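Let's walk through this structure together, one piece at a time. Have the sequence and the 3D view ready, and follow along as we go.

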Amino acid sequence: ALYSGNLGRVHDLTPLIEAATALRHETGILFLFIGNGGERAALETLVRQRQLPNVRFLPPQPREHLAAALAVGDIHFVTLLPGCEHLVFPSKLYGIAAAGRPVVAVAPLTSALAGQIRTVFSGAEAIARLQQDFPSVKAGPGDEADTDRTFAWADPDIFKVLPLPVL
């Protein structure tokens, strides 16, 4: 599972650490963060505190290695904090589309990002779907009531039929 890009203030990255925590015993899943930003130190601290063996951080990769870096992830994460949806559109979606990888988005339902994703489901449904494939995943408190975030999934084929906005 890959998050590549700015680890900054407009990106809702805590749910990714929550997912890594829930999946900590699944040896076949690694959460890889490639990039820097204002929230990286806090994320690294959280990972150390939770002693997560399934999370790694790498520095930003040179532009000429971007395609190879994006090809590393079997699945990509794109995130956007509630309240920031009118300010930014995560341009990383373009690179992920070019890499032909599936996307999990964590974003407000009203965001342009969520609008690009066909299948939308709640945090509780996301955990339930993970539990189908990984029985050790346990739903945490509040997963059922997570109304601030939209968890969305896009198969790579979606990019063949949905035009991305030109910014």
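Start with Val103, which is buried, with a relative accessible area of 0%. Here buried means under 20% relative accessible area, exposed means over 50%, and partly exposed is anything in between, using a 1.4 Å probe and protein chains only. You'll find Val103 in strand S5, residues 103–107. Helices (H or I, at least four residues) and strands (E, at least two) are DSSP runs, numbered from the N terminus.

A quick word on what you're looking at. This is a predicted model, in which local features need pLDDT of at least 70 and side-chain atom pairs count only at pLDDT 80 or more, while totals for chains, interfaces and linings use all residues. Residues are numbered from 1 along each chain as its sequence is written, and side-chain values use heavy atoms, with hydrogens and water left out.

Let's zoom out. The chain holds 6 helices and 7 strands, and going along the sequence they come in the pattern β-α-β-α-β-α-β-α-β-α-β-α-β. Of the 167 residues in the chain, 44% are buried.

Next, a pair of helices. Two packed helices are described by the angle between their axes and the distance between the axes. How do H1 and H2 cross, and at roughly what angle? The axes of H1 (residues 14–22) and H2 (residues 40–50) come within 11 Å and cross at roughly 20°. The axes are lines fitted to C-alpha atoms, for helices over the stretch in contact, and angles run from 0 to 180 degrees between N-to-C directions. That makes H1 roughly parallel to H2, since angles under 35 degrees count as roughly parallel, over 145 as roughly antiparallel, 65 to 115 as roughly perpendicular and the rest as oblique. The crossing of H1 and H2 is right-handed, meaning that the near helix is turned clockwise from the far one by less than a right angle, with anticlockwise being left-handed.

Which residues meet there? From H1 come Ile17, Glu18 and Thr21, and from H2 come Leu43, Leu46, Val47 and Arg50. By class, this contact of H1 with H2 has 4 nonpolar, 1 polar and 2 charged residues. Ala, Val, Leu, Ile, Met, Phe, Trp, Tyr, Cys and Pro count as nonpolar, Asp, Glu, Lys and Arg as charged, and the others, Gly among them, as polar.

Pick out Val47 in helix H2. Val47 counts as buried because its relative accessibility is 8%. Apart from neighbours within four places in sequence, Val47 is in contact with Ile17, Leu52, Val55 and Phe57.

Slide along to Gln51, in the loop between H2 and S3. Most residues other than glycine have a negative phi. Gln51 is not a glycine, yet its phi is positive, about 50°. Gln51 is also exposed, with a relative accessible area of 61%.

Finally, visit two loops. Gly5 sits in the one between strand S1 (2–4) and H1, and at 25% relative accessibility Gly5 is partly exposed. Not counting residues up to four places away in sequence, Gly5 touches Ile34, Gly35, Asn36 and Lys92. Pro59 is in the loop between strand S3 (55–58) and helix H3 (66–71), and is partly exposed at 45% relative accessibility. Leaving aside neighbours within four places in sequence, Pro59 is in contact with Ile34, Gly35 and Arg40. The C-alpha atoms of Pro59 and Gly35 are separated by 5.0 Å, though the two residues are 24 apart along the chain.

Notes: Contact means heavy atoms within 4.5 Å.
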